[in-house]
Each structure stands twice: as C-alpha cells, then as structure tokens.
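Here is a short tour of one structure, region by region. Have the viewer open and follow along.

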Amino acid sequence: MGSKTPLYDKHVEAGARIVDFGGWDMPLHYGSQKEEHHAVRNSAGVFDVSHMTIVDLKGARVRDFLRHLLANDVAKLQDSGKALYTCMLNEAGGVIDDLIVYFMDESWFRLVVNAATREKDLTWIRKNAADFDVAVHERAELAMIAVQGPKARELAAPCIDAEWREQALALKLFTGMEAGDLFVARTGYTGEDGWEIVMPSMRAPSIWDRLIAGGVAPAGLGARDTLRLEAAMNLYGSDMDETISPLEAGLGWTIAWEPADRAFIGRGPLEKLRDEPSRRRFVGLLLEDKGVLRNHQRIVVEGSGDGEITSGGFSPTIGRSIALARLPAGDYDSAQVDVRGKLLNVRVVKTPFVRNGQVRIEV
Amino acid sequence: MSELPGDLLYTNDHEWLRREDDGNVTIGVTDHAQAALGDLVYVELPEVGQDVATGGDMAVVESVKAASDVYAPVDGTITAVNEELADDPEKINADPYGDGWIVRLQPSAAIDESALLTPDAYQSLLDEEEA
C-alpha cells in the first residue's frame, strides 16, 4: 500500500487501474489509455498530479540562492507568477532533478519537483539553502491537478472563483497567479494548452467532480507518458539522471550560460562538455518498420557505434512508434534498432513529434 | 471481474485454448491478460508452418504499456494466424476469446490436459493473484 492523494477515492470510483508510482497509488488509466490520450489532444483531460512535490522557498536572498542552485537563471523571472523550466545539477553537472520554478515575489519562489526524487531533492535544497538563509517549506498539504487540451481552460474556468476567472483566462503561457486559495498556472506536460491548478487538499474532490461533470476526461499516468513523449518532454529517471548532463539529454536550451560569472552548481563540468566533439546526441526517432520502440533498446549506428532508447513507445496521435534516444556523436539521419534480435529501421526526426494537436514530423 | 468461458482450457501464462472439431487448437490471451496489458498496439505473429515447442515463444503482443510473449501451450505446427490483428490489434481488447484469437496450431501429440488449467483452476489462479 502506497501513499494516496486526496483524489484516490475519485480514481477508484471512476474504475481506475491503480499502480505504484514512486511509492504512490496512482491511476494508470480509467479503461482506455488511448482514448484518454486522444481526449487531451482533441478536447480536455484532467490528471491528478498531487504526488508531485511543491516546495516554497522564502527569504530575502532567495533569488541569489536559486541563481546558484539552478542551471537556468531565475534572473529571467521579473514578473510575478512567471515560470521557468530548469535542471538542478550536482557538482559533476549531472541532473539531480528537472523542475519548474515560479517567481511569486522578491522573497518567495515556488518549486514543483518530481515525486520519485522528493527526498534527495529536499536534502540537496536544504543543504545549499543554509548559506543563503532561505527557509525551505514542503507543501504536502496541497493537491495539484493538470487540466490539459484545447478546451481545457474553457472547461476548467468555472472552477476558478468568479473574482479571478477573467484574469486566469488571460494568463500568458508559462505564467501563474494566485486565485483566492488556488494557484493557477498555464503550464503542463502534454504539449497542449491548459492549466495546472494547486489547491488545498480539501477542495480537490469537488473541483475534480466539477471538471468531470463539465466534460473533462479523467486521464491516467499512461496517457500522461504517451502525451509527454509525443511532445518530446523529458522524463526524469528515463531520459536523464545524476550521471547524465543536460547537454546529453536535449536540455542544453535550459542552461543559462550568460552572464559568464554566474557560478551555478555544475557549471564547470558543463562548460567542458559543451566543447567536447564526442558529446552524444539526444534525438527523436520514428520507427520506419512495424513494431514498438521501448526503453533501453539498443540503437546501432553504422560507423559510429551504439546508442540507447531512453523513452520509447507507441504514439496514438501518429499511429506509429516513436522514441527519444541518446546516440553517438555524428551527422546521420538514420539508424537501426535491435528489437528482440532483429534490426529494424529508424529515422532521426526533429522534435517535438506532436504539438497543439498537430503532427509536426514528416511521417 | 473478467470474463471466463467454461468451454476453454487455460494456462498459467493467461492464455486460452479451444479444441476445434478438426483436431486443431485455437489460442489467444485471456480477458484478464488483455485488461492487464492495456490497449494493444502491435502483434508479432509466427509463420504458418512453423513448429513450436511447449513453453517456447510463439508470438508477441505489445500494448501501450509493454511487450509480452505468447508461449506455445503444446507442441505442434502453426496452421493459421489471425492476420487481421496486424491492422487491428485492439480486437484482442474488444473480443479476446473471439475475433481476438491469435494462432491456430495442429498439436503433434495428444494434448495432456493435466498440464493445462480448467476454467475453475484458472479462476483460482486469478483469485490468488488478486489476493
């Protein structure tokens, strides 16, 4: 028996298949993972993401602290509610976790980190926060849902108190705001528009019911994974971990190199790897033959060596199998994958595979 | 509760067998198996004429979640495969004991029913897994 979110009973009521995810009893799907996937691409779906860890950081020097702790630069966050996606690195430049940081006010930033990495993240943040007199508060009493899809904001708007509704609907991408006792942000992990809503646990079941009654489909971790894979969004533990640099996980764009004198943790090793010609590629793959690409399958690149699929699966939107993979350095656009001893053909494609309901690769 | 027809034999690997009048055996995966796998997206079928040995890999069913081997429950020769699964693997989800059949084979010897499970025995297996 794992930990349960405030929405656990709702999942069981809706017929969810419950699985363990990082110590949490979470819904895998409510009948059909594919239908949930399509609901998010075509209309709206809601995910319970209350297992994720919300950490509030407070103190006069919190901005300085985060400029030291994170590889992206919170100096970019100047308007209240603005969010930034970033990696938190160890001294060797490996990824401890990826997270979203929100700028609330000059003495308060909010982090949303992964559930499976909760303990080591908190330990690392607390250890480094001490020098900056920053207080670290885990907000385990809060629940969080993600309402995603082209109709998500419209269908979720009635859950926001009238006083705040218009302002919430006007939120720009990657920006959040407090709306009474809710925190609403225009963020997500599906490649679709939508909101992530943080709320007191007590309010979660009634907000969930209201969304479902309004036509939003409950969606489980299974659909969450195929949606994020199509959107080419990394999954911690699959696509990167403490032994992998963001530069070899397709996350170079999240590293703020300027200003050059910002000494964030892991910077030295990253600078070395940046100029290393043997640095591995991180790419999207489309399977040209029949079959399904899976995590850890070996990729064979003639003349360059072997690589590995870090996230593979079937794309319900494209109707073919796709993957993210770490491959040897080199300039090539095709390779082969070892599936149960047979070599099948894969094509290297520019990601994302799907964004805002549209297939973005040539099939 | 998963559906469990009374006129079939079952295996510990959640497969079912139907003994046809012509001596062939039709094989598929059970309702419990398809539910556990989730939406099927691909099925790798053997060649007709291929010989299979009890316990050996015979086909692979892949769902949104994972790949799973289908094992030969008896020794024999493949006489037919369900080609429709190539375009529509979800037939296994929709009708695991009917349109979702996977292979048909001609057993090479009399079937040893004591090595297979009766519906009651398979139900007990499911009950144990639930517990």
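Predicted model: local features only at pLDDT ≥ 70, side-chain atom pairs only at ≥ 80, totals over all residues.

Strands here are DSSP runs of E with at least two residues, helices are runs of H or I with at least four, and both are numbered from the N terminus. Two strands count as paired if DSSP finds at least two bridges between them.

Residues are numbered from 1 along each chain as its sequence is written, while chains are lettered from A and ligands numbered from 1 in the order in which they are written. Local features need pLDDT of at least 70 and side-chain atom pairs count only at pLDDT 80 or more, whereas totals for chains, interfaces and linings use all residues.

## Ala185(A) in the sheet

Take a look at Ala185(A), which belongs to strand 11 (residues 182-185) of chain A. Strand 11 of chain A runs antiparallel to strand 12 (residues 194-200) of chain A, and three bridges join them. The bridge partner of Ala185(A) in strand 12 of chain A is Glu196(A).

Is Ala185(A) buried or exposed? Ala185(A) is buried, because 26 other C-beta atoms lie within 10 Å. The cut-offs are 20 or more other C-beta atoms within 10 Å for buried, 12 or fewer for exposed and anything in between for partly exposed, with C-beta atoms placed from the backbone. Beyond its neighbours within four places in sequence, Ala185(A) is in contact (C-beta atoms, placed from the backbone, within 7 Å) with Ala83(A), Tyr102(A), Thr175(A), Gly176(A), Trp195(A) and Glu196(A).

In helix 4 of chain A, Asp121(A), Ile125(A) and Ala129(A) are buried. They lie on the same side of helix 4 of chain A because they cover an arc of only 55 degrees around the axis, taken from the directions from the helix axis to the C-beta atoms.

On the other side of helix 4 of chain A, Glu119(A), Thr123(A) and Lys127(A) are exposed. Among the elements covering the buried residues are helix 3 (62-69) and strand 6 (95-105) of chain A.

## A hairpin and its neighbour

Strand 18 (residues 334-339) and strand 19 of chain A pair in the antiparallel sense over six bridges, with Asp338(A) opposite Leu343(A). Their hairpin has two residues between the strands, and Arg340(A) there takes a positive phi near 50 degrees. Strand 19 (residues 342-349) of chain A is also joined to strand 14 (residues 281-287) of chain A by four bridges, again antiparallel.

Two cis peptide bonds deserve a visit. One joins Glu258(A) and Pro259(A), with omega about -5 degrees; another joins Thr351(A) and Pro352(A), with omega about 5 degrees.

Asp133(A) has a positive phi near 55 degrees and counts as exposed, with 12 C-beta neighbours inside 10 Å. Ala232(A) also has a positive phi, about 55 degrees, but counts as buried, with 24 C-beta neighbours inside 10 Å.

Terms used
Contact = placed C-beta atoms within 7 Å.
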